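Please look at the sequence and structure first.

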Amino acid sequence: MIVVFGSLNIDIVMRFEKMPRPGDTSLCPGYQMVAGGKGANQAVAAAKAGASVKLFGNVGDDEFGRIVLGALRQTTVDLAGVGMSKESSTGCAAICVDAHGENMIAVASGANLNVREKEIPDFLLSKETTLLLQMETSVEENWNLIRRAKKFGAKIILNLAPAQEIPQDILQKLDVLVMNQIEATQLALHLGFEVISATAVSRRMAANFGITCIVTLGKQGALACSPEGTWEVKAMEIEAVDTTAAGDAFVGVLAVSLDNGMDLPLALRRASVASGLTCLKKGAQASLPTNQQIEENLKKIPLPLRIT
């Protein structure tokens with residue numbers, strides 16, 4: 001079972017020929033308003049990949065919150081742990097997407113800062129559970145939940161997105177840490193690493209903390225280091241339409257695969273396929289692939305290459 005502790009947002013998506021720059025006022029023909037948030041996206045990605053998923057988060061008692069919950073009710077995600085706040089508005093993300101499918105995102109946290117780790121009962125943090133967290137909720141709530149989950153034996157996956165400082169005792173309690181290149185660089189600087197390449201960061205994290213560290217590399221795929229070795233997985237060769245939620249697809253499907261007992265190389269391959277398929281459609285949750293779609297496209301990516 002997957003337990004997700006994370007954010008729920010309304011995404012306001014605007015598409016431009018060229019990405020706006022500081023000082024620009026850019027015009028686009030229109031916008032889309034869709035359900036998003038890293039927590040919700042990863043929960044939906046895991047559910048579409050076949051997992052039993054419980055989501056814990058918070059929305060505002062407003063129209064945005066009702067849109068977000070309405071979309072999630074069309075999935076199999078268990079929403080009993082999602083609260084509604086009268087004091088805060090639903091989280092909101094402004095997403096700019098350019099003609100190449102690349103995005104730039106600004107997030108107003110809103111009600112996401114109200115979710116509390118105590119809302120997850122102890123019995124859901126057993127050895128049968130994979131706990132999945134991101135960084136769009138209160139970091140202190142994240143750290144407290146990770147400490148408690150470790151005590152009860154849950155497998156713990158943290159997606160360091162967006163990047164923030166992590167206490168070293170928290171790093172030691174993780175099973176898997178997933179970051180993109182920018183997030184890996186920021187973590188390396190925080191930890192005082194002298195060399196901050198993706199390979200150096202992931203290898204050092206695995207060696208220092210005894211965890212699996214995965215750095216996603218966009219079109220170059222991903223690099224994963226564990227105490228057992230290092231693997232490279234390729235990305236699908238595609239013409240991206242929208243990269244929004246590609247990282248969430250990777251993380252959600254990775255969590256399901258590992259939760260099902262799959263070894264790391266096979267889990268990486270499935271996650272990379274899911275990420276690529278997500279880039280072929282517009283939007284966040286609507287673009288996430290089903291388990292069947294992942295299976296049908298597995299052969300488009302070779303098995304990860306072990307490099308040590």
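Which residue stands opposite Val107 in β7? Ala93 does. The model is predicted, so local features need pLDDT of at least 70 and side-chain atom pairs count only at pLDDT 80 or more, while totals for chains, interfaces and linings use all residues. Residues are numbered from 1 along each chain as its sequence is written, and side-chain values use heavy atoms, leaving out hydrogens and water.

**Sheet**

- Four strands form an open sheet with mixed pairing, in the order β3-β2-β6-β7; strands (E, at least two residues) and helices (H or I, at least four) are DSSP runs numbered from the N terminus.
- The edges are β3 (31-36) and β7 (103-108), each of which pairs on one side only; two strands pair if DSSP finds at least two bridges between them.
- From one strand to the next, the twist averages 20°.
- β6 (residues 91-97) pairs with β7 in the antiparallel sense, over 6 bridges.
- Helix α2 (residues 63-72) lies across β2 (9-15), β3 and β6, and runs at about 95° to β2; axes are lines fitted to C-alpha atoms, for helices over the stretch in contact, and angles run from 0 to 180 degrees between N-to-C directions.

**Helices α7 and α8**

- Helix α7 (residues 246-259) packs against helix α8 (residues 264-278) at an angle of about 150°, with their axes 8 Å apart.
- Residues making the contact (heavy atoms within 4.5 Å) include Phe250 and Leu254 of α7 and Leu268 and Ser272 of α8.
- Ser272, found in α8, counts as buried at 6% relative accessibility (buried is under 20% relative accessible area, exposed over 50%, partly exposed in between, with a 1.4 Å probe and protein chains only).
- Not counting residues up to four places away in sequence, Ser272 touches Val233, Lys234, Ala235, Phe250 and Ile301.

**Cysteines**

- A search of the whole structure finds 0 disulfides, a disulfide being a pair of cysteine sulfur atoms within 2.5 Å.
- For Cys225, the closest cysteine sulfur is that of Cys213, at 6.9 Å, which is too far for a bond.
- Cys225 counts as buried, at 1% relative accessibility.
- Cys279 is in no disulfide, and the nearest cysteine sulfur, in Cys96, is 17 Å away.
- Cys279 also counts as buried, at 8% relative accessibility.
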